[in-house]
Amino acid sequence: DFSFFLKFSTFLEIAELMLCVASEYKDTIQFAFKPHPSLKTVLYRHPNWGIEKTEEYYNNWANGDNTTLVEGPYMDLFKSSNAMIHDCGSFIVEYLYSKKPVMYLGFNREEQSNIVGKRAYHCHYHGTTIEDVRNFIDEVVLRGDDSMKPQREQFHNEVLLPPNGLTVAENIINEIKKELRK
């Protein structure tokens with residue numbers, strides 16, 4: 001059922017506008033569209049989209065001068081990006097490993113989040129309109145006025161890094177040794 005899937009997404013409101021924004025910044029920014037793996041199937045069945053419109057939309061991203069379509073793994077995209085704009089609950093924490101600027105589009109995710117998710121949400125710029133997106137691009141991405149950088153750095157150091165200055169494996173081994181000594 002597409003209504004549930006799209007309930008938490010800004011896609012229907014912002015999809016066409018994002019292509020316009022990409023076009024506006026064609027000389028300065030490369031944009032990537034990384035859709036949820038189920039989005040295409042949902043859009044095929046959506047009464048206002050369907051197969052033809054969905055394929056055209058995906059092709060516009062795949063073939064634009066400064067756009068790309070990423071349908072597979074996203075780790076390389078995270079590494080090579082300079083910033084991200086998203087509405088994905090999963091990416092709220094994951095992208096913060098990059099320590100790069102990030103904007104969350106849509107409704108407040110705090111109600112659906114645990115304490116880590118709530119802290120991560122507060123490391124994002126927030127927006128609901130295409131003007132919010134443009135402001136993020138102009139001020140944060142292009143001008144480098146990144147007021148959220150200290151929050152992201154603190155979150156990374158306090159939440160994402162393994163404790164004790166050790167790797168995850170080293171911490172696990174030390175915990176096992178500690179328990180075996182009891």
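**View 1. Ile172 in helix α10.** Ile172 is found in helix α10 (helices are DSSP runs of H or I, at least four residues, numbered from the N terminus). This is a predicted model: local features need pLDDT of at least 70, side-chain atom pairs count only at pLDDT 80 or more, and totals for chains, interfaces and linings use all residues. Residues are numbered from 1 along each chain as its sequence is written, and side-chain values use heavy atoms, with hydrogens and water left out. Ile172 counts as partly exposed, because its relative accessibility is 47% (buried means under 20% relative accessible area, exposed over 50%, partly exposed in between; 1.4 Å probe, protein chains only).

**View 2. Leu180 and Gly89.** Leu180 lies in helix α10, which covers residues 168-181. Leu180 is exposed, because its relative accessible area is 68%. Gly89 is 91 residues from Leu180 in sequence, and the two are 39 Å apart in space, C-alpha to C-alpha.

**View 3. The Glu175–Lys178 salt bridge.** The closest N and O atoms of Glu175 and Lys178 are 3.3 Å apart in this salt bridge (a side-chain nitrogen of Lys or Arg within 4 Å of a carboxyl oxygen of Asp or Glu). Glu175 is partly exposed at 41% relative accessibility. Lys178 is partly exposed too, at 40%.

**View 4. The Glu179–Lys182 salt bridge.** Glu179 pairs with Lys182 in a salt bridge, with 3.1 Å between the closest N and O atoms. Lys182 counts as exposed, at 72% relative accessibility. Glu179 is partly exposed, at 44%.

**View 5. The Glu24–Arg134 salt bridge.** The structure holds eight salt bridges. One of them joins the side chains of Glu24 and Arg134, 2.6 Å from N to O. This pair links distant parts of the chain: Glu24 sits in helix α2 (residues 11-24) and Arg134 in helix α8 (residues 130-142), 110 residues apart. Glu24 is partly exposed, with a relative accessible area of 45%. Arg134 counts as buried, because its relative accessibility is 17%. Glu131 belongs to a network of salt bridges with Glu24 and Arg134.

Terms used: Helix = DSSP H or I, 4+ residues; strand = E, 2+ residues; numbered from the N terminus.
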